[in-house]
Amino acid sequence: MATDWSDKEGKHDMGIQIGIFSVGDVTADPTTGRTPSEHERIKATVAIAKKAEDVGLDVFATGEHHNPPFIASNPTATLAYIGAQTETLLLSTATTLITTTDPVLIAEDYAKIQHLTDGRVDLMLGRGNTGPVYPWFGKDIRQGINLAIENYALLRRLWSEDVVDWEGRFRTPLQGYASTPRPLDGVAPFVWHGSIRSPEIAEQAAYYGDGYFHNHIFWPASHAAQMVQLYRDRFAHYGHGTPEQAIVGLGGQIFMRKNSQDAINEFRPYFDNAPVYGHGPSLEDFTSQTPLTVGSPQQVLERTLSFREYAGDYQRQLFLVDHAGLPLKTVLEQLDLLGEILPAMRAGFAEGRPADVPDAPTHASALAAREKEEVTV
Amino acid sequence: MTPINRDHRRVVIVSAGLSVPSSTRLLADNLGAATARAIAARGEEVDIQHVELRPLAHALADHLLTGFPATELAAALDAVSHAEGVIVVTPVFSASYSGLFKTFFDVLEPGALDGTPVLVAATAGTARHSLVLDHALRPLFAYLRAVVVPTGVFAASEDFGSTADGSLDKRVERAASELAVLVSGATAPAPALRRTPADEFAAPTPFEQLLREAGGDAVR
């Protein structure tokens, strides 16, 4: 039954996967002044992920932070717990800290979740954004890029080779080390590399033929466009296919109500006090300067489909819906609204999509690709 | 923004006066005019662009919070980054440059002023602040790796009424001619002293090299 997980209803058999990603912030609701407890926020995260599956979304991804006001430490426990309570939802990260987390532990943890969830897991690697995390985990922030490069090179070997001898710059050498469990069906989880503006990370994703994800929420779309274009060009340079065949993911941030003015009025206090951009530009300015969309479901649909104009046809779209103190009830309503426009969004993304643009990666597609390779050989 | 004429020397004035009109803007205009004359006297043409920070104050605060510049601020930062000479003028606040002035240079991309000739100037109500040029502005632009011209121009309110020897006009002329020499002496853009993100996008470091560097002793 190991490969039965994926597509009983053809659910992930599609060009683009659509889902949500959470940073796990514990933030006061600015309209009530009430701050949820860590316990409430952790349970809410699980409820949100389960709701994502209920409304027909494909992916839930959790961030990783090791400091307050976040509850996103230990993402693997969260993902395994959610995996046990869902059937089809793909579990991912946004992001896994490849700089400060030992790649030996990442190899074990995500291979384990692969087995537990019958292959419903992939991960997105990032460097993190909190300076002190580096010294807390015994690392030097000035080595962020080098850590990402060396640690990932080791992670790949731990998943692809049964026994590894390794020596590098940033961790203890390994002699005769076998990472357990081995990846499910001998196929490693798919890896995305996330970076907002470090070309080296786009280069890394391209070199390995892995996916590249742009967070695409807090910055102008031009930043995403530039990084995606670099990644696509270099993906082709390294011989993995045409630029259009590279595996691209984008974030996005939305807030919807049936009536667009209701959406703006309701979201404004959350926007004005949000941890990242609060007390800065107006909601109107930020909406025009970045991919943030606040309005009717139709406006969200149209804006999202327009991302292809600068990113090309892509494979994964994740939305941020549960931050800045929005209450759980509101977040679940947002997911209901997203579920309602999901068929139109899928149809829109399918429209005009060239046949040679790859479908979104899954465990099943990785298995199929390997079988095809074996037949060819 | 006016289109860039590659044959002309490009000088950008950054001034941080808050009132309208301000003595800071007045000094900035005088320095700009003197610099234009000095460059013209050397047989070259010059485009002088003025970046006034007051209308960009909100955009600068937003940039601190969001990490990216809104359109008009982006154009101003771009102009300064591509200038062959820069004239900076700040009012003195609490014995230093103003916060608005500093914020502009805080959000400028690292490396943007590498090797760029800069004329520093300041205004205040009293001449007692005149050392602000040397204890605040010079260290800031030294850190930014700019080439600061020897003469800085400080103007107290009383200077705008004085025509005695050593007057403001003479200091302005001397500083402008020093800047003109450096600006017209630049036959090509200053060499890239460090790799910027723009360089990396234009010509990415191949991954094999990144792998070698990661295992070596480089910091990246």
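A salt bridge is taken here as a side-chain nitrogen of Lys or Arg within 4 Å of a carboxyl oxygen of Asp or Glu. I looked for such pairs between chain B and chain A, and the count is one.

**Conventions.** This is a predicted model, in which local features need pLDDT of at least 70 and side-chain atom pairs count only at pLDDT 80 or more, while totals for chains, interfaces and linings use all residues. Residues are numbered from 1 along each chain as its sequence is written, chains are lettered from A in the order in which they are written, and side-chain values use heavy atoms, with hydrogens and water left out.

**Entry 1: the interface.** I identified the salt bridge as that of A:Arg197 with B:Glu109, at 3.3 Å from N to O. I then looked up polar contacts (N or O atoms within 3.5 Å; within protein, one able to donate a hydrogen and the other to accept it, with residues adjacent in sequence counted only if both atoms are side-chain atoms). Six residue pairs, both members at pLDDT 80 or more, are in polar contact between chain B and chain A.

I next asked which elements of chain B supply at least two residues each to the side that touches chain A. They are α2 (57-66), α7 (197-202) and α8 (207-215), helices being DSSP runs of H or I with at least four residues, and strands runs of E with at least two. The largest share, seven residues, comes from α8(B). By class, I noted 13 nonpolar, five polar and seven charged residues on this side of chain B.

For contact (heavy atoms within 4.5 Å), I recorded 25 residues of chain B against 35 of chain A. The buried area, meaning the accessible area (1.4 Å probe) lost on putting the two parts together, summed over both, is about 2,400 Å², 64% of it on carbon and sulfur atoms.

**Entry 2: strand β5(B).** I checked burial (under 20% relative accessible area, 1.4 Å probe, protein chains only). Eight of the eight residues of β5 (117-124) in chain B are buried, so the strand is largely enclosed by the rest of the structure. B:Pro117, B:Leu119, B:Ala121 and B:Thr123 point one way, and B:Val118, B:Val120, B:Ala122 and B:Ala124 the other.

I then traced the pairings of this strand, for which DSSP must find at least two bridges:

- β3(B) (85-93) runs parallel to β5(B) over six bridges, and B:Pro91 is partnered with B:Thr123.
- β6(B) (147-148) pairs with β5(B) in the parallel sense over two bridges, with B:Pro117 opposite B:Val147.
- β7(B) (153-156) is joined in parallel to β5(B) by four bridges, and B:Ala121 has B:Val153 as bridge partner.

Conventions. Ala, Val, Leu, Ile, Met, Phe, Trp, Tyr, Cys and Pro count as nonpolar, Asp, Glu, Lys and Arg as charged, and the others, Gly among them, as polar. Buried means under 20% relative accessible area, exposed over 50%, partly exposed in between (1.4 Å probe, protein chains only).
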